Structure formats: structure tokens, C-alpha cells
Amino acid sequence: METTCVIQKPQKKQKLNEEEDIDGNSKCLGNLPDEVLRHIISFLPTSDAVRTSVLSRRWEYVWASIPHLDFARKSANRNLLMDFVDRALCLRDSSIMKRFSLSCDVLGDASRVYTWISTVVRRHNVQELHIKLRKVEGFAPLPYCLFTSNTLTSLHLDMSYILKVPTTICFSSLKILGIERVTFSNEYLTQQLFSGLPVLEELKLINCSWGNLKFVSISAPKLHSLSIFENELPDIDFEYFWSSSDFCQVMIVGDSLKEFYYNSYLICEYCLYNSFSLEKAEIDSEWQDDVSEQIALRMLNLLVGLFNVEQLTLSSLMIGVLMDAKGHLSQMPMFNNLMDLIFVGGLVYLDCPALFKILQKSPCLKTLNFCEGLLLSGYWKNDDWMLNPVPPCFLSHLKWIKVKWIEVDIFYGKDEDQLSAVKFFLKNAVVLDEIIITCSEHFEGNLETQLKFAKQLLELPRGSQNCKIILE
């Protein structure tokens with residue numbers, strides 16, 4: 001019987017097309033719907049999104065409908081940036097633009113920048129607009145259509161420029177407004193600006209100047225967060241403003257205000273009215289030695305408007321400013337709703353009259369946090385020293401205190417001065433549950449010294465037998 005042997009050639013594996021998966025289905029990115037492609041490339045920087053136009057005819061104009069366009073002056077070649085913005089806006093279709101961001105030097109191209117802003121507002125109904133302009137000498141006024149846009153929900157203007165606004169202003173949809181480095185020059189038009197914000201929820205004024213204005217009112221019925229920072233103002237004669245009556249008074253009507261943030265040289269007077277909804281405030285100040293009584297009164301007037309706040313953060317510099325208002329501390333408001341009081345920015349001296357007054361006017365205070373240390377000066381270290389009268393919160397509400405233990409020197413005091421401050425609270429806060437002392441950096445690597453310190457704390461008299469002392 002004849003045996004045959006059949007040798008079969010191995011079947012060739014099917015070669016997959018680079019644009020197909022293992023089942024032969026197309027996997028080409030270019031076959032996705034336009035709206036999906038636009039969504040994908042919208043996560044790219046604008047310059048990279050535009051570069052996708054060279055991939056194929058299919059991709060040529062996909063980028064022209066992406067919702068976000070961001071142009072920043074990162075390149076050393078300014079002309080390339082300006083031409084790139086021209087081309088991008090010229091080729092873009094008329095679909096709604098969610099965000100347009102521009103950062104550039106204006107120089108001699110004021111008309112181009114004017115046209116860009118007008119185009120994104122009028123043609124593309126932009127919703128979020130972020131404009132940062134430098135070297136704006138001779139810059140034309142911002143297009144008037146900007147100030148009557150009914151699609152803008154967020155606007156940020158950052159430019160060293162005297163702001164010129166039209167007589168008709170209505171941001172019917174604007175919820176977030178940031179203005180930075182701008183100078184306000186016309187009292188009536190400035191008032192129009194801050195009155196034409198019916199749905200505004202968040203306002204930030206950063207290093208702006210009120211120029212020669214004497215009075216401004218900020219009144220937005222739905223405003224819940226206001227930030228005012230004036231700590232980098234150039235070309236300001238601070239000594240003049242700190243001693244002169246020639247300053248601007250800014251009245252803030254805070255019917256819905258929940259958060260207020262303030263850091264300033266106190267060259268203007270800010271007053272809050274009707275701030276019954278206020279929950280959180282952070283107050284800092286930039287000052288030099290020998291602050292005038294008038295400056296201290298400006299700070300005191302600001303605190304008066306915070307009477308209903310629940311959480312208050314104060315800088316040690318602010319406490320220093322109030323030292324020059326000794327004769328007026330009786331004007332300190334009652335903080336009946338204040339539960340959390342935080343001190344930042346430096347050492348706080350327990351025997352400071354302004355601190356006394358704030359504690360005495362906070363009957364429901366539950367927590368105290370001295371983030372940068374606390375001292376009781378050596379003059380007051382005898383056992384009979386106490387706040388007179390004792391703050392009501394010490395007897396009923398104060399449950400928690402946190403103090404940072406710091407490295408001290410001859411100028412600031414001694415470790416005994418810090419221990420005396422802690423001793424005072426332990427002795428007089430009769431409902432205290434917990435006092436935390438952050439000292440890990442101070443005693444790092446020295447267990448013996450840390451144990452000695454802990455023993456000193458445990459030997460201190462306590463008004464509350466339930467109080468725990470925690471070292472962290």
C-alpha cells in the first residue's frame with residue numbers, strides 16, 4: 001500500500017490594514033463624527049489643534065469649530081502670534097465660542113486687538129472671555145458691544161489702562177468678573193459698570209486704582225464672593241494717601257455676600273453694608289511702621305461691616321494696624337455669629353488691646369487658630385494677669401485652640417513667653433476640650449527636650465478638667 005505524504009503550506013496570516021481592527025472594522029480616527037473630533041482636539045493647546053489641519057482634507061477645518069481658543073504670548077516672535085490670531089479667527093466658522101483667551105503686547109496693533117474682541121463677542125457669542133494686554137499705550141476703548149453682551153458668563157480684563165466704558169452697560173448673563181491693573185477715571189460711568197450686573201456672583205478687583213474718584217458703590221444683588229487685592233500698586237505715594245483725606249470711599253452692598261477677601265495698603269476706605277449672609281472673610285493689610293490713626297480707623301470701619309461673619313481670618317499685620325486705633329476700639333462690632341477665628345502672617349501678642357476687644361466681642365467663638373505663633377509679653381506673665389472682663393466665649397463656647405510653637409529670639413521673646421500664653425488659655429477657657437500645639441519642627445530629633453516640654457504642659461493649671469493637650 002502506497003503511503004502518500006501531503007505537506008500543506010502554512011496559511012498566511014491576514015495582514016491587517018493599519019486602519020482596521022482584528023475583525024476588519026475601521027478604526028481610523030478620521031472616521032469619527034465631526035462633533036467627536038472637535039471634542040477630542042478641544043483638549044489640545046490651540047496651536048496644536050490648528051496644526052491638525054495638515055493631516056488630511058478630512059481634518060482641514062475640523063479645528064475651526066472647537067469651542068476654546070487660547071492665545072498666549074509665549075513665543076519670542078510677537079508678529080507670528082498676531083498673524084496666527086488673525087488667521088484663526090478668519091477661518092473659524094460662526095459657531096458659538098465657549099472661551100476666548102488672549103495675552104499679548106498691543107504696541108501699534110490696537111485696532112487689530114479691538115477687532116478680535118469685537119469679532120468673538122458679536123459673531124461667535126463668546127461665553128468666557130479672558131483678556132490680558134500689555135504695552136497698551138494709545139489703546140482704543142474696548143468695543144461697546146462687549147458691555148452689552150447677553151452671552152458672556154465670565155469676563156477677566158487685565159491691562160494697565162484707563163478703562164473707558166459706554167453710558168449703556170448691561171451684562172445680563174455675566175456671573176464672574178475679574179478686573180486687574182485697570183484705572184477707573186469717571187465716577188458716573190464706573191458706577192454704571194458696577195450697577196449693570198444683575199446676575200453677578202463673583203467679583204475680583206486686583207491691583208486696580210480708583211484714580212481721582214471720591215465715591216463708588218458696588219451693588220450686585222446676587223454677588224456672593226468679593227475679592228479685593230491692592231498689594232502691588234505701582235507709583236503710589238503711600239505716605240500721602242495714609243495721611244490725606246483725599247481718598248476714595250467704596251461702599252459694598254452685600255445683600256447676598258457669603259465670602260469676602262481683602263488685602264490692601266489701605267489707601268482707600270472700604271465699607272460693607274447689609275452683609276447679613278456673610279459666612280467667611282479673610283483680611284490682610286500691607287503697612288509700614290507709624291501707621292496713622294486715620295488708617296487704623298479705615299481698618300476698623302472695614303471690620304464693622306463683617307459683624308455677621310462665621311469664619312474670620314486676620315493677619316497679624318492687621319492687628320498691628322489696629323494698635324493705632326486704641327481710642328476707637330469701643331467701635332468694634334459684636335461678632336455674634338463668629339465661630340472660627342484664625343490668625344496668619346506672623347506672631348500674635350496675646351496682650352494686644354485689639355485682640356482683647358475682638359475676643360470680648362465674639363461670645364459664640366468655638367475655635368482659635370494661631371498659625372504663626374502666640375506670645376504673652378514678659379511684663380504680663382504673673383499669675384494674676386487676665387483679660388478683664390473675661391471674654392464670654394471662654395466661659396461657654398471656646399472648645400478648640402491650635403498654636404504653632406516657633407523658634408523665638410531676643411527680639412520677639414522667649415519660649416517662656418509662648419508657654420505663658422498657652423498657660424493663660426488652659427487656665428481661663430473653662431469649657432476647652434482640646435488644645436493642639438504644633439511643635440514637631442521645633443523639637444525635631446530631640447526626644448528628651450520634647451518630653452520635658454510635655455511635662456511642663458501637663459503641670460499647668462487647667463480650668464477645664466476635660467481638656468486634652470495634643471503635640472503634633
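Reader: Why is Phe307 called partly exposed?

Author: In this predicted model, Phe307 has a relative accessible area of 25%, and since the term buried is kept for values under 20% and exposed for values over 50%, with partly exposed in between, Phe307 counts as partly exposed.

Reader: What makes Phe276 exposed?

Author: The relative accessible area of Phe276 is 52%, and the cut-off for exposed is over 50%, so Phe276 is called exposed.

Reader: Why is the aromatic pair of Phe276 and Phe307 called edge-to-face?

Author: The two ring centres lie 5.6 Å apart, and rings pair if their centres are within 6.5 Å; the planes stand at 80 degrees, where over 60 counts as edge-to-face, and therefore the pair of Phe276 and Phe307 takes that name. Phe276 lies in the loop between strand 11 and strand 12, while Phe307 lies in the loop between helix 7 and strand 13, so the pair ties together parts that are 31 residues apart in sequence.

Reader: Why is the pair of Trp405 and Phe453 called tilted?

Author: The planes of these two rings are at 55 degrees, with the centres 4.6 Å apart; planes under 30 degrees apart would be stacked and those over 60 edge-to-face, with the rest called tilted, so the pair of Trp405 and Phe453 is tilted. Trp405 comes from the loop between strand 18 and helix 11, and Phe453 from helix 12, so this pair ties together parts that are 48 residues apart in sequence.

Reader: How do you know whether Trp405 and Phe453 are buried or exposed?

Author: Trp405 has a relative accessible area of 5% and Phe453 one of 4%; because buried means under 20%, Trp405 is buried, and Phe453 likewise counts as buried.

Reader: How do you know that the charged end of Arg298 sits over the ring of Phe247?

Author: The charged end of Arg298 is 4.0 Å from the centre of the Phe247 ring, and the distance cut-off is within 6 Å, with a further condition on the angle to the ring normal; the charge is accordingly listed as sitting over that ring.

Reader: What makes strand 7 and strand 11 the edges of their sheet?

Author: Three strands form an open sheet in the order 7-9-11, with parallel pairing. Strand 7 and strand 11 each have a single partner strand, so one side of each is left without a neighbour in the sheet.

Reader: How do you know that strand 9 and strand 11 pair?

Author: Five bridges join strand 9 to strand 11, and pairing asks for at least two, so the two strands pair. Within strand 11, Tyr273 is the bridge partner of Val253.

Conventions:
Residues numbered from 1 in each chain as written. Predicted model: local features only at pLDDT ≥ 70, side-chain atom pairs only at ≥ 80, totals over all residues. Heavy atoms only, no water. Helix = DSSP H or I, 4+ residues; strand = E, 2+ residues; numbered from the N terminus. Phe/Tyr/Trp six-rings, centres within 6.5 Å; stacked < 30°, edge-to-face > 60°. Buried < 20%, exposed > 50% of the residue type's maximum accessible area, 1.4 Å probe, protein only. Lys NZ or Arg CZ within 6 Å of the ring centre and 35° of its normal.
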